[in-house]
Amino acid sequence: MMTTVKPCEFVNVNGTITEGAKASVSVFDRGFLFGEGVYETIRTYNRRPFLFDRHMARLRTSAARIDLTCPLSNEVIQARIDATIEAGFSVGDAYIRMLLTRGVGDISYDPKACSIPSFVIIAKPHSPVPLTLQTDGVMISLVSVVRNHPGSVDPAIKSNNLLNNALAMQQAFKEGTYEALMRNYRGDLTECSQSNFFIVRDGAALTPPLAAGLLEGVTRNFVFEIGTEIGLSVREATLRDGDLRTADEAFLTSTTREIVPIVRVGQVTIGAGSPGPVTQRLLAGLRRKADALTSA
Ligand code: PDD
C-alpha cells in the first residue's frame with residue numbers, strides 16, 4: 001500500500017501558500033536577478049516566533065538601507081507566518097525565513113522600475129543543533145575570504161546578496177568544519193558566515209564590535225542581556241588572531257543554533273579543547289529565558 005507523506009515545508013509567496021516544491025517567484029524578480037532584497041531567519045519556541053519584533057525591526061532597517069520599504073504590517077506578517085506553519089505541521093518548532101525583495105520589473109538598477117516588493121515566507125520544522133555538537137563543541141575554519149567592507153555591501157544589512165558568506169563557507173566545507181570565521185579588511189576578527197563569534201577570557205565573554213563590520217545579531221544582543229541577568233560580563237572588544245591563542249573558551253551565536261561551543265579555530269585549540277563553563281551558563285540562560293518569554 002502506498003502511503004503519502006504530507007510535505008512539511010510550506011512557502012507563502014505574496015500571501016499564497018503552497019508546498020515548498022510548488023512555490024515560485026518570477027525570474028524577473030530583483031531578488032533573483034541581483035540579490036536585491038533583505039531577509040530574516042526566525043525560529044519558534046513553544047510554537048511562537050521568538051523575538052519577532054526585534055527581527056521585524058532589523059528587517060525594516062535592512063530594507064531602508066537599500067531604499068526599500070516593507071509594505072506589510074507586523075500583524076499581517078505574523079498572521080502569514082502562523083498560517084504557513086499551520087499548513088505544514090501541527091507539532092514541533094519551526095524555522096522561518098522571510099524574504100523581502102525589490103519585486104518584479106525591467107532588468108534595471110532603477111528602484112522605480114519595480115512597484116511592488118515581493119514578500120516570501122519559508123516555513124519548515126526547526127532542526128536543533130545535534131546534542132553531540134553541544135557537548136563536544138565544534139571546529140571552525142579561519143578563512144581567507146575577507147568580510148565585506150562596510151563601505152561596500154555593509155554586513156550590517158541582512159541582505160539576500162550572500163555571496164561573501166557562501167564563499168567563506170565553501171572554505172569551511174572543504175576543510176570539513178562547522179563554520180567559517182572571517183576577518184575584516186583591517187585583519188580584525190568579525191563574524192562567521194551565518195553566526196556571530198565570541199571568545200571567553202578571564203570569565204568575560206568578548207565579541208567584535210559592530211564597527212568591525214558585522215551583522216548585529218539578535219542572539220548576540222540577547223546574550224548581552226543574559227550576561228547582565230546572570231552576572232557575567234559580556235562586552236565588545238576588538239579581537240585579532242592572537243586572541244584565539246589566549247582564549248579560555250569560544251562560541252558562536254545565531255537564531256537557529258542558539259549558542260554552540262567552539263573547541264578549535266583553524267590550527268588553534270581553544271582553551272582546554274572542550275566546552276567551558278561560561279558558554280554553558282549562557283546557553284542555559286538563553287534557553288531558560290526563551291522558554292519563559294514564549295510560554296503562556
Ligand atoms: N544567520 N552573522 C551572520 C552573517 C548571519 O547570517 C547571522 C544569522 C548571524 C546571527 O544573527 P541572529 O542572531 O540574528 O540569527 C550573524 C541566520 C540564522 C541565517 O542566515 O539563516
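User: How many residue pairs are in polar contact across the interface of domain 1 and domain 2?

Analyst: The model is a predicted one, in which local features need pLDDT of at least 70, side-chain atom pairs count only at pLDDT 80 or more, and totals for chains, interfaces and linings use all residues. Residues are numbered from 1 along each chain as its sequence is written, and side-chain values use heavy atoms, with hydrogens and water left out. A polar contact is a pair of N or O atoms within 3.5 Å, where within protein one must be able to donate a hydrogen and the other to accept it, and residues adjacent in sequence count only if both atoms are side-chain atoms. With both residues of a pair at pLDDT 80 or more, the number found across the interface of domain 1 and domain 2 is ten.

User: Which element supplies the largest share of the side of domain 1 that touches domain 2?

Analyst: Helices (H or I, at least four residues) and strands (E, at least two) are DSSP runs numbered from the N terminus. Three such elements, strand 3 (37-45), helix 2 (52-65) and strand 5 (94-101), each supply at least two residues of the side of domain 1 that touches domain 2. The largest share, eight residues, comes from strand 3.

User: What area is buried between domain 1 and domain 2?

Analyst: The size of an interface is often given as the accessible area lost when the parts come together. Buried area is the accessible area (1.4 Å probe) that two parts lose on being put together, summed over both. Carbon and sulfur atoms give 55% of the area buried between domain 1 and domain 2, and that area is about 2,100 Å².

User: How many salt bridges does the rule find across the interface of domain 1 and domain 2?

Analyst: Side chains of opposite charge can pair when their charged atoms come close. A salt bridge is a side-chain nitrogen of Lys or Arg within 4 Å of a carboxyl oxygen of Asp or Glu, and by this rule the whole count comes to 19. Across the interface of domain 1 and domain 2, the number found is three.

User: Which residues are linked with Arg43 in a network of salt bridges?

Analyst: The side chains of Arg43 and Asp93 meet in a salt bridge at 3.7 Å, N to O, and this pair links distant parts of the chain, with Arg43 in strand 3 and Asp93 in the loop between helix 3 (74-88) and strand 5, 50 residues apart. Buried means under 20% relative accessible area, exposed over 50%, and partly exposed in between (1.4 Å probe, protein chains only). At 6% Arg43 counts as buried, whereas Asp93, at 23%, counts as partly exposed. The residues linked with Arg43 in the network are Asp93, Glu258 and Arg287.

User: Are Arg147 and Glu191 buried or exposed?

Analyst: The side chains of Arg147 and Glu191 meet in a salt bridge at 2.7 Å, N to O. Arg147 lies in the loop between strand 7 (138-142) and helix 5 (163-175) and Glu191 in strand 9, so the pair ties together parts that are 44 residues apart in sequence. As for accessibility, both Arg147 and Glu191 are buried.

User: Which backbone atoms lie by the polar atoms of the side chain of Asn184?

Analyst: Asn184 is found in the loop between strand 8 (180-183) and strand 9 (189-192), and with a relative accessible area of 4% Asn184 is buried. A polar atom of the Asn184 side chain lies 2.8 Å from one backbone atom and a polar atom of that side chain lies 3.0 Å from another. These backbone atoms are the nitrogen of Arg186 and the oxygen of Ala212.

User: Which backbone nitrogen does the side chain of Thr18 reach?

Analyst: Thr18 has its place in strand 2 (residues 16-19) and is partly exposed, with a relative accessible area of 24%. Contact means heavy atoms within 4.5 Å, and, not counting residues up to four places away in sequence, Thr18 touches Phe10, Val11 and Ala23. At 3.5 Å, the side chain of Thr18 reaches the backbone nitrogen of Ala23.
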